[in-house]
Amino acid sequence: HRFRLPEHLRFLATVNFDHTTEELSPRFLDRSWIITLEPTRIDDEIEEDLENYEDMVSFDSLKTAFCVSEEDVIDESIANKWNAIQSIFRSEQCSLPIMPRNLKMVKNYCAVACKCMDRDTPTTKLAPLDYAFSQKILPTINGTGENYRTLISELLKECTEQNMPISAKHLKRMQRVAENNMGFYQFFAR
């Protein structure tokens, strides 16, 4: 059978990652964005009537807003920081290069997010890269040894609470957990 799927069709999934699930494969992580949610209180479901459905945003409008175009540029400070981070991964001490697919995904994310995000404070100036790096690159870190220790240490120098607070938070947690886990560095370790 052949099925014609509309351009706007997207498949979304959630994956719980805890002691009851299998480890997420590097292949899966290479193709996914990892968004972590902080625990919150869930109120009883509130039923809401959908109002103004005739004013819904069209798929073409979503593409215009969120798909990278030739006019989208990455802010120079973000490009410089991203280059510095990539250099750490490629360095002789770490030697853990970022996969080409992930390089492209982070670049496209930053190009679009530069026009969408408020970046007017020191802690939000690099927000597009902070989100992209913490959701796309940090989840791929999974290993033990001196190169991983050096990688995390060098990334913490580059990604501080003042310039990339989300990434810094994850990196500090990864470093703390590894100290109590025989030097095993993994984004998902708690």
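This is a predicted model: local features need pLDDT of at least 70, side-chain atom pairs count only at pLDDT 80 or more; totals for chains, interfaces and linings use all residues.
Residues are numbered from 1 along each chain as its sequence is written. Local features need pLDDT of at least 70 and side-chain atom pairs count only at pLDDT 80 or more, while totals for chains, interfaces and linings use all residues, and side-chain values use heavy atoms, with hydrogens and water left out.

Student: Are the helices α3 and α5 roughly parallel or roughly antiparallel to each other?
Tutor: The axes of α3 (residues 76–90) and α5 (residues 127–137), helices being DSSP runs of H or I with at least four residues, come within 10 Å and cross at roughly 30 degrees. Axes are lines fitted to C-alpha atoms over the stretch in contact, with angles from 0 to 180 degrees between N-to-C directions. Angles under 35 degrees count as roughly parallel and those over 145 as roughly antiparallel, and α3 and α5 are therefore roughly parallel.

Student: Which residues in α5 meet α3?
Tutor: Contact means heavy atoms within 4.5 Å. On the α3 side the residues are Ile-78, Lys-81, Trp-82, Ile-85 and Phe-89. Their partners in α5 are Pro-128, Leu-129, Phe-133 and Ile-137.

Student: Which element gives the largest share of the lining of the largest pocket?
Tutor: A pocket is an open set of points on a 1 Å grid where a 1.4 Å probe fits, with protein on both sides within 12 Å along at least five of seven lines, and lining residues have an atom within 4 Å of a point. The largest pocket is lined by 35 residues, and α2 (59–66) and α4 (100–116) are the elements that give two or more of them. The largest share, seven residues, comes from α4.

Note on methods
Angles under 35 degrees count as roughly parallel, over 145 as roughly antiparallel, 65 to 115 as roughly perpendicular and the rest as oblique.
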